[in-house]
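Please read them with the structure open.

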Amino acid sequence: MGMWASLDAMWEMPAEKSIFGAVLLFSWTVYLWETFLAQRQRRIYKTTTHVPLELGQIMDSETFEKSRLYQLDKSNFSFWSGLYSEIEGTLILLFGGIPYLWRLSGRFCGCASFGPEYEITQSLVFLLLATLFSALTGLPWSLYNTFVIEEKHGFNQQTFGFFMKDAVKKFIVTQCILLPVSSLLLYIIKIGGEYFFIYAWLFTLVVSLVLVTIYADYIAPLFDKFTPLPEGKLKQDIEIMAKSIDFPLTKNKKQGCNNEEVLAVLGHELGHWKLGHTVKNIIISQVNSFLCFFLFAALIGRKELFAAFGFYDSHPTLIGLLIIFQFIFSPYNEVLSFCLTVLSRRFEFQADAFAKKLGKAKDLYSALIKLNKDNLGFPVSDWLFSMWHYSHPPLLERLQALENSKQD
């Protein structure tokens, strides 16, 4: 009787308490599931101490051990950082961190002689404070990852000064994009009328296309140095390969492989383009975006959603976006993420097969091994962890698919 009484009491709870409880329960369920998967993979790192027979021709013992220790350190780090993140998020929800930050941003606006009618201005202050808080609380973890783990395994080439300068630069660039885009989106939602979700979706589509267009030329160079591929046989071979499948080549980037291996990797990437993977991903992304905005339009008027997170008297549009997209849609987002991972793996196999048709199987085979070695990737995976997380097939699966034709 006690169990049924508890269930009856739950159903009799106010709607906002049920929503809040369901959000917290689902968040911890996902966290525990991810922790379970990570523990399975961590057990692989701990117990697989010798190169398996099927990897004998692929990886030497020294590289295998380096990879194992590196991935074990990363897995342990992910456990503690993930636990901190989950606890932090839970405490923010339990102690009303979101409504507190909204009121705080309102006080900032009040000091600047803005009234409550300036909701978009208050929303931008809220975003600035929220991203600043996230950056500051994440900084110690990022420092440890870079200067302890990456340093230990020979991957860190940054000084502390360069790291901090880069972090500040990333924060500023993020705000320069986030704040104007958010203000325009909020404005469109407010003036869009009954069909605002269509205009909001079209706006985000345009923004995403613009960002993709300008990223390589204006954003990426702020953080990385790019040098043109010098004239020579490799550049000529790349141009010939691209022309053979009518790819509009504009820029080239040389990888850490020999020329034939670079061409093989390029053949794989051109396969994504030729087979329409990029277009398919864009279509899936935009259909999902439209669906989410449509459902947002249907839910934004539900006051109990706001009340569940401490907003009883005001219903800011930005908070509605946060609640619905981040919390209410979280089960849907988890399912979608898994489906996209499965699809991505299928696309990777297809792109490998395309490179095989170009006669690059042998060189792609060696390039995959070399890139895995350079990144200290561990070639042994728990099947469940791999299925849930790996958007690219594990190395052994890709090599086995190439094995029969690598002499082509």
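**Notes on the predicted model**

1. Trp-141 is partly exposed, with a relative accessible area of 26%. (Buried means under 20% relative accessible area, exposed over 50%, partly exposed in between, with a 1.4 Å probe and protein chains only.) Trp-141 sits in helix H5. Leaving aside residues up to four places away in sequence, Trp-141 touches Phe-77, Trp-80, Ser-81 and Tyr-84; contact means heavy atoms within 4.5 Å. Ser-78 is 63 residues from Trp-141 along the chain, and their C-alpha atoms are 9.8 Å apart.

2. Some ground rules. This is a predicted model, where local features need pLDDT of at least 70 and side-chain atom pairs count only at pLDDT 80 or more, while totals for chains, interfaces and linings use all residues. Residues are numbered from 1 along each chain as its sequence is written, and side-chain values use heavy atoms, with hydrogens and water left out.

3. The chain has 16 helices and zero strands. Helices (H or I, at least four residues) and strands (E, at least two) are DSSP runs, numbered from the N terminus. Of the 408 residues, 37% count as buried. Among contacts with a separation of 6 or more, 78% join residues 24 or more positions apart.

4. Look at helix H7 (residues 196-219). Its 24 residues would reach 34 Å in a straight helix at 1.5 Å a residue, but the end C-alpha atoms are only 30 Å apart. (The expected span is 1.5 Å times one less than the number of residues.) H7 bends by about 40° at Thr-213; the bend is the angle between axes fitted to the seven residues ending there and the seven starting there. Buried residues of H7 include Phe-196, Trp-201 and Ile-219. The buried residues of H7 pack against H6 and helix H10 (277-299).

5. Just after H14, Leu-376 takes a positive phi of about 50°.
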